[in-house]
Amino acid sequence: QVQLVESGGGLVQVGDSQRLSCAASGLFLSRYAVGWFRSSPGKEREFVAGIRWGAGRTYYSPSVKDRFTVSRDNDKNTVNLQMNSLRFEDTAVYYCAVGAARSDWNGYYYDTRAYDYWGQGTQVTVSS
């Protein structure tokens, strides 16, 4: 049974850094696409960052590019999201998701439908 567990959320201040982790059981993350999404009140769940299977090409939403970094630790079977220079608008519940290594994944990595398994989410709140 596949299980994804996010950790690392909490209350931080504007400009701070925070690191989220997604730990997986039941599959090897290096063989799948892994995405980070976030959801806040009144907004649809949006893509934040993703990392492809194998060599681990990465993808970012324009709103977080150059501030967030997604990486994978194969030894620990985790995918991490390093978030720097946090802003008020980064406040959200952050979810990790895993999708099968499909040949067309590059075309819709930002779409929730590209992912098959989801974690329960972790809250990140950015305050002044």
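A disulfide joins Cys22 to Cys96, with 2.0 Å from S to S. The model is predicted.

Trainee: How many disulfides does a search of the whole structure find?
Mentor: Two cysteine sulfur atoms must lie within 2.5 Å to count as a disulfide. Cys22 and Cys96 pass, at 2.0 Å from S to S. For the whole structure, the search gives 1 disulfide.

Trainee: Which strands hold Cys22 and Cys96, and how many residues apart are they?
Mentor: The pair links distant parts of the chain. Cys22 sits in strand S3, residues 18-25. Cys96 sits in strand S9, residues 92-99. So the strands are S3 and S9, and the two cysteines are 74 residues apart.

Trainee: Is the disulfide of Cys22 and Cys96 right-handed or left-handed?
Mentor: Look at the torsion about the S-S bond. For Cys22 and Cys96 the torsion is about 55°. The disulfide is therefore right-handed.

Trainee: Are Cys22 and Cys96 buried or exposed?
Mentor: The cut-off for buried is under 20% relative accessible area. Cys22 falls in that class, and so does Cys96. The word for both is buried.

Trainee: How many helices and strands does the protein chain have?
Mentor: Read along the sequence, and the pattern is β-β-β-β-β-β-β-β-β-β-β. The secondary structure comes to 0 helices and 11 strands.

Trainee: What is the radius of gyration of the protein chain?
Mentor: The globule rule gives 14 Å for 128 residues. The chain comes close to that, so it is as compact as a globular protein of that length. Its radius of gyration is 14 Å.

Trainee: What percentage of contacts join residues at least 24 apart?
Mentor: Take contacts in the protein chain between residues at least 6 apart in sequence. Then ask how many of these join residues at least 24 apart. The share is 59%.

Trainee: Where is Leu29, and is it buried or exposed?
Mentor: Leu29 is in the loop between S3 and strand S4 (33-39). Its contacts beyond four places in sequence include Cys22, Val34 and Val98. At 0% relative accessibility, Leu29 counts as buried.

Trainee: What separates the C-alpha atoms of Leu29 and Asn77?
Mentor: Along the chain, Leu29 and Asn77 are 48 residues apart. Yet Asn77 is one of the residues in contact with Leu29. Their C-alpha atoms are separated by 6.0 Å.

Trainee: Which residues is Gly56 in contact with, leaving aside neighbours within four places?
Mentor: Gly56 lies in the loop between strand S5 (46-51) and strand S6 (58-60). Gly56 counts as buried, at 16% relative accessibility. Leaving aside those neighbours, Gly56 is in contact with Ile51 and Arg72.

Trainee: Is Asp66 buried or exposed?
Mentor: Asp66 is in the loop between S6 and strand S7 (68-73). Its phi is near 75°, a positive value in a residue other than glycine. The cut-off for exposed is over 50% relative accessible area. At 77% relative accessibility, Asp66 counts as exposed.

Trainee: What is the relative accessible area of Ser85?
Mentor: Ser85 is in the loop between strand S8 (78-83) and S9. Ser85 is not a glycine, but its phi is positive, at about 50°. Ser85 is partly exposed, and its relative accessible area is 41%.

Conventions:
Residues are numbered from 1 along each chain as its sequence is written. This is a predicted model: local features need pLDDT of at least 70, side-chain atom pairs count only at pLDDT 80 or more; totals for chains, interfaces and linings use all residues. Side-chain values use heavy atoms; hydrogens and water are left out. Helices (H or I, at least four residues) and strands (E, at least two) are DSSP runs, numbered from the N terminus. The radius of gyration is taken over C-alpha atoms; the globule rule is 2.2 Å times the number of residues to the power 0.38. Contact means heavy atoms within 4.5 Å. Buried means under 20% relative accessible area, exposed over 50%, partly exposed in between (1.4 Å probe, protein chains only).
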